[in-house]
Amino acid sequence: MTLRVLGVDPGLTRCGIGVVDVEKNRRATLVAVGVVGTSPHESLDQRLLLIATSIDEWLDRYEPHVLAVERVFSQLNVSTVMGVAQASGVVIAAAARRGIPVALHTPSEVKAAVTGSGTSNKDAVTKLVTKILRLDAPPRPADAADALALAITHAWRAGSGISTTGAVTTGPGSQSLTPAQRAWAEAEAKARRAR
């Protein structure tokens, strides 16, 4: 069975959205990618309405099995965190209205899943997303590549033998994890121990 995941890199100015189909053998294929942009000169309610309307259109058009959203994390810039959290809330609510499950992934989890290192930079993520999806050109801007990376991360996690606790399971297929998936599982387990 093919798993369709819609990934969202939330933000008020640029909200990256990407849809990926991933087969049981982990082969990922691009379905669609884009960025919803809003102007900082618009009122907050109008910016959130534009994001809400856009995500509704994407959910209706592509009918994903699951939504993967970047987990809001603490930064020094509180206004940026607030904007990301507000955009995330709109996106999560849109999925909930349709009964679509939502998964949250931290940036380091996504980097580890796609590149094999939780400390990779955006260029490395974009390069590997381009390779994984067999694209002729990198998705731009970085928000679009990040949305695709979120979708890939979730699909690989869901079908890779990694449990919801982040532990690698034993048994048939557990040895077939890619190096990036093993690194992701280790990074997630380390993050959980640090909490």
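Contact here means heavy atoms within 4.5 Å. Helices (H or I, at least four residues) and strands (E, at least two) are DSSP runs, numbered from the N terminus. This is a predicted model, in which local features need pLDDT of at least 70 and side-chain atom pairs count only at pLDDT 80 or more, while totals for chains, interfaces and linings use all residues. Residues are numbered from 1 along each chain as its sequence is written, and side-chain values use heavy atoms, with hydrogens and water left out.

Start with the overall layout. The protein chain has 6 helices and 5 strands. Read from the N terminus, its elements run β-β-β-α-β-α-β-α-α-α-α. Of the 195 residues in the protein chain, 46% are buried. Buried means under 20% relative accessible area, exposed means over 50%, and partly exposed lies in between (1.4 Å probe, protein chains only). Among contacts in the protein chain with a separation of 6 or more, 61% come from residues 24 or more positions apart.

Now take helix α1, residues 44-62. The expected span of a helix is 1.5 Å times one less than its number of residues. The 19 residues of α1 should therefore span 27 Å, and the end C-alpha atoms are 27 Å apart, which agrees. Its buried residues are R47, L48, I51, A52, S54, I55, W58, L59 and Y62. They pack against β1, β2, β3, β4 and α2. After α1 comes E63, with a positive phi near 45 degrees.

L50 also sits in helix α1. L50 counts as partly exposed because its relative accessibility is 38%. Beyond its neighbours within four places in sequence, L50 is in contact with V36, G37 and T38. G37 is 13 residues away from L50 along the chain, and their C-alpha atoms are separated by 8.5 Å.

Move on to helix α2, residues 78-98. With 21 residues, α2 should span 30 Å; its end C-alpha atoms are 31 Å apart, which agrees. V81, G83, V84, A87, S88, V90, V91, A94 and A95 are the buried residues of α2. What do they pack against? Their partners are β1 (3-9), α1 (44-62), β4 (66-70) and β5 (102-105). G99 follows α2 and has a positive phi near 75 degrees.

A pocket is found on a 1 Å grid over the protein atoms alone: it is an open set of points with protein on both sides within 12 Å along at least five of seven lines, for a 1.4 Å probe, and lining residues have an atom within 4 Å of a point. Grid points are joined across faces, edges and corners, and a volume is the space filled by probe spheres set on the points. The largest pocket has a volume of about 520 Å³. It is lined by 25 residues, and the closest to its centre are D9, P10, E70, V84 and K122. Elements giving two or more residues to this lining are α2, α3 (107-115), α4 (122-132) and α5 (142-159). α2 gives the most, with 5 residues. The lining divides into 11 nonpolar, 6 polar and 8 charged residues. In this count, Ala, Val, Leu, Ile, Met, Phe, Trp, Tyr, Cys and Pro are nonpolar, Asp, Glu, Lys and Arg are charged, and the others, Gly among them, are polar.

Next, look at H105 in strand β5. Its relative accessibility is 0%, so H105 counts as buried. The side chain of H105 makes a polar contact with the side chain of H154, at 3.1 Å. A polar contact is a pair of N or O atoms within 3.5 Å; within protein, one must be able to donate a hydrogen and the other to accept it, and residues adjacent in sequence count only if both atoms are side-chain atoms.

In helix α3, the buried residues are P107, E109, V110, A112, A113 and V114.

Finally, check the backbone. Most residues other than glycine have a negative phi, and most peptide bonds are trans. R26 is not a glycine, yet has a positive phi of about 75 degrees. R26 lies in the loop between β2 (14-22) and β3 (28-37). At 15% relative accessibility, R26 counts as buried. R134 has a positive phi too, near 55 degrees. R134 is in the loop between α4 and α5, and counts as partly exposed at 38% relative accessibility. P141 lies in the loop between α4 and α5. The peptide bond from R140 to P141 is cis, with omega near -5 degrees.
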